[in-house]
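Dear colleague,

I am handing over the structure that we spoke of, and my notes on it follow directly below. Please read them with the coordinates open beside you.

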Amino acid sequence: MKVALASDHGGINIKNEIADLLKEMGIEFEDFGCDCGTSVDYPDYAQPVAEKVAAGEFDRGILICGTGIGMSIAANKVKGIRAALVHDVFSAEATRAHNNSNVLTMGERVVGPGLARMIAKVWLTTEFEGGRHENRINKIANLEQ
């Protein structure tokens, strides 16, 4: 698995926690920024991650901002992206198993580092169930046409 990772200024600490987790799990990743504490625009970081995932250059993406909302909205504008805003472990598992989400978004002002790591780990290790859920994913893809 190869993961694209990014945050805006509001998500740097959680992004760094997730980078450490990816290293611990032996998952290849690329950090697309940001690396500053000054205000930046989250779409500038969501777009390249979403585009790389949609193009198949990365298997999944993880985006963090203050709430996760802005990153989720921006990433979902890219065709082929199913970004899920997740702040609990149950939703992390469900969005992979049922929605085949390919981008995870979280908010640093909403979840702490320990919970963020648990969410990411569950999201990264849960497989899509397919079956009845496949038809629903296809209907979502049709909405993009």
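The notes below go through the sheet, the helices, the salt bridges and the aromatic rings.

The model is a predicted one, in which local features need pLDDT of at least 70 and side-chain atom pairs count only at pLDDT 80 or more, while totals for chains, interfaces and linings use all residues. Residues are numbered from 1 along each chain as its sequence is written, and side-chain values use heavy atoms, with hydrogens and water left out.

I begin with the sheet. Helices (H or I, at least four residues) and strands (E, at least two) are taken as DSSP runs and numbered from the N terminus, and two strands are said to pair if DSSP finds at least two bridges between them. Five strands form an open sheet with parallel pairing, in the order β2-β1-β3-β5-β4. Because β2 and β4 each have a single partner strand, they stand at the edges, and one side of each is left without a neighbour in the sheet. On average, neighbouring strands of this sheet are turned by 20 degrees against each other, direction ignored. Strand β1 (residues 2-7) pairs with β2 in the parallel sense over four bridges, and valine 3 stands opposite phenylalanine 29 in β2.

Next come the helices. Helix α1 lies across β1, β2, β3 and β5 (103-107) and runs at about 165 degrees to β1, where axes are lines fitted to C-alpha atoms, for helices over the stretch in contact, and angles run from 0 to 180 degrees between N-to-C directions. In helix α4 (residues 89-97), Ala92, Ala94, Thr95, Arg96 and Ala97 are buried, a word that stands for under 20% relative accessible area, with exposed meaning over 50% and partly exposed in between (1.4 Å probe, protein chains only). The buried residues of α4 pack against β3 (60-65), β4 (83-85), α5 and α6 (132-143), contact being heavy atoms within 4.5 Å.

Six salt bridges are present in the structure, each defined as a side-chain nitrogen of Lys or Arg within 4 Å of a carboxyl oxygen of Asp or Glu. One of them joins the side chains of lysine 15 and aspartate 35 (3.0 Å, N to O). Since lysine 15 lies in helix α1 (residues 12-25) and aspartate 35 in the loop between β2 (28-31) and α2 (43-54), this pair ties together parts that are 20 residues apart in sequence. Lysine 15 is buried, with a relative accessible area of 0%, whereas aspartate 35 is exposed at 66%. Another salt bridge links the side chains of arginine 117 and glutamate 24 (2.5 Å, N to O); arginine 117 lies in helix α5 (residues 113-125) and glutamate 24 in helix α1, so the pair ties together parts that are 93 residues apart in sequence. Here arginine 117 is buried at 18% relative accessible area, and glutamate 24 counts as exposed at 58%. The side chains of lysine 52 and glutamate 57 also meet in a salt bridge (3.2 Å, N to O), with lysine 52 partly exposed at 28% and glutamate 57 partly exposed at 43%. Salt bridges that share partners join Lys15, Asp31 and Asp35 into one network.

Finally, there is one aromatic pair, counted where rings of Phe, Tyr and Trp (its six-membered ring) have centres within 6.5 Å, with planes under 30 degrees apart called stacked, over 60 edge-to-face and the rest tilted. The rings of phenylalanine 32 and phenylalanine 58 have their centres 5.6 Å apart and their planes at 75 degrees, so the pair is edge-to-face.
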